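Hi there,

Here is the structure I promised to pass on. My notes on one strand and some aromatic rings follow below it.

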Amino acid sequence: MRVIPVIDLKGGQVVRGIAGDRSRYRPVVSMLAAGSSPPGIASAFARLGAAEVYVADLDAIAGREPDWAAYEQIAAAGLGLWVDAGIGELGRAREMARWATSRASSARVVVGLESVDEPAQLSAICAGLPPQAGVFSLDLCRGKPLARSAAWRSATPREIAAAAVAAGFQRLLVLDLASVGVGQGPASAGLCRALRDAHPQIELLTGGGVRGVADLHALAASGNDAVLVASALHDGRLTAADLAAFQDKGRIA
C-alpha cells in the first residue's frame, strides 16, 4: 500500500488540517522542514521517499483561483500531484484538465463531493477530464456525506460511491474530514472494506486520522491501494522507513 503525503494550501502556505474546520487551520509546524512554504514541505516529503503528493487547495475549494504557482513549486520537488481545487462544474473541470495535460501522466485531478452541486453534473465533469486522471473524493463528516445537494445528503456513502463509479471514475478516495489531525485514528476502514468488495476494479484510497504504523496496517487490510497522511509525518510518528515498507507493496486483501 502506498503512503501519499498531503499538502493543505491556504494563503500561499502549507497549513495543518484539524477536523475539517478550516477556520482553525494555521501554518504547519513540522519536524521535517524549517517553515511552511510549499516548496520546503514538498522537498521534505521527497526526502522521505514520497513519489507523489496530495494537494488540497483550500482557497480554490472556497471558490478562488487555483494556486498554480504553488502547484509548480511542489512539482519541482519531483513529486506527482493529486490536486483538489474545488471542481464543482464543467468549466473548472476543463481548466484543471488543461493543467493536468501539461503535467503529462503524473497528474491526478480530484473532484470532491463537497464541491459538486448536483449528481447530474458528475458524468460531464468526469468526461471533461483526461482519461485516467479523474479521482472522486467521497467527502464525509463523521460518516455522513459532506454535500451541498439535498439529493447527495439523502444518499448513503455507498450509493454515492456507486454513482461516481457509474459516472466513469476509476479512482475513489474516502475522506472523513472529522478524523483529520485529531489523533483519534481512521474512521473509514469498514466503509473501505465494503467499497473494495463492491468495486474490485477501482483504485481505492482513504485519508484522515492515521496515527502510525498500526493504522496503516488496518487500512491496508481494508483493501486500500493508498492512504493519505499529513500530521503523523510532520510529528515524526511515521518515518522514511515506514513509508518505504508500504510503498508499492500491493493491496492486502
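Leu 172 stands opposite Leu 204 in β10. Before going on, some ground rules: this is a predicted model, where local features need pLDDT of at least 70 and side-chain atom pairs count only at pLDDT 80 or more, while totals for chains, interfaces and linings use all residues. Residues are numbered from 1 along each chain as its sequence is written, and side-chain values use heavy atoms, with hydrogens and water left out.

Now to the strand (helices, H or I, of at least four residues and strands, E, of at least two are DSSP runs, numbered from the N terminus). Strand β9 (residues 171–176) runs parallel to β10 and is joined to it by five bridges; strands pair if DSSP finds at least two bridges between them. On to β11 (residues 226–229): three bridges join it to β10, again in parallel, with Thr 206 opposite Val 227.

How many residues of β10 (residues 203–207) are buried? Five of its five are, where buried means under 20% relative accessible area, exposed over 50% and partly exposed in between (1.4 Å probe, protein chains only).

As for the rings, Phe, Tyr and Trp (its six-membered ring) pair if their centres lie within 6.5 Å; planes under 30 degrees apart count as stacked, over 60 as edge-to-face and the rest as tilted. The count is three aromatic pairs. Phe 136 and Phe 169 form a tilted one, 5.8 Å centre to centre with 50° between the planes. Phe 136 lies in strand β7 and Phe 169 in the loop between α7 and β9, so the pair ties together parts 33 residues apart in sequence.

Best wishes
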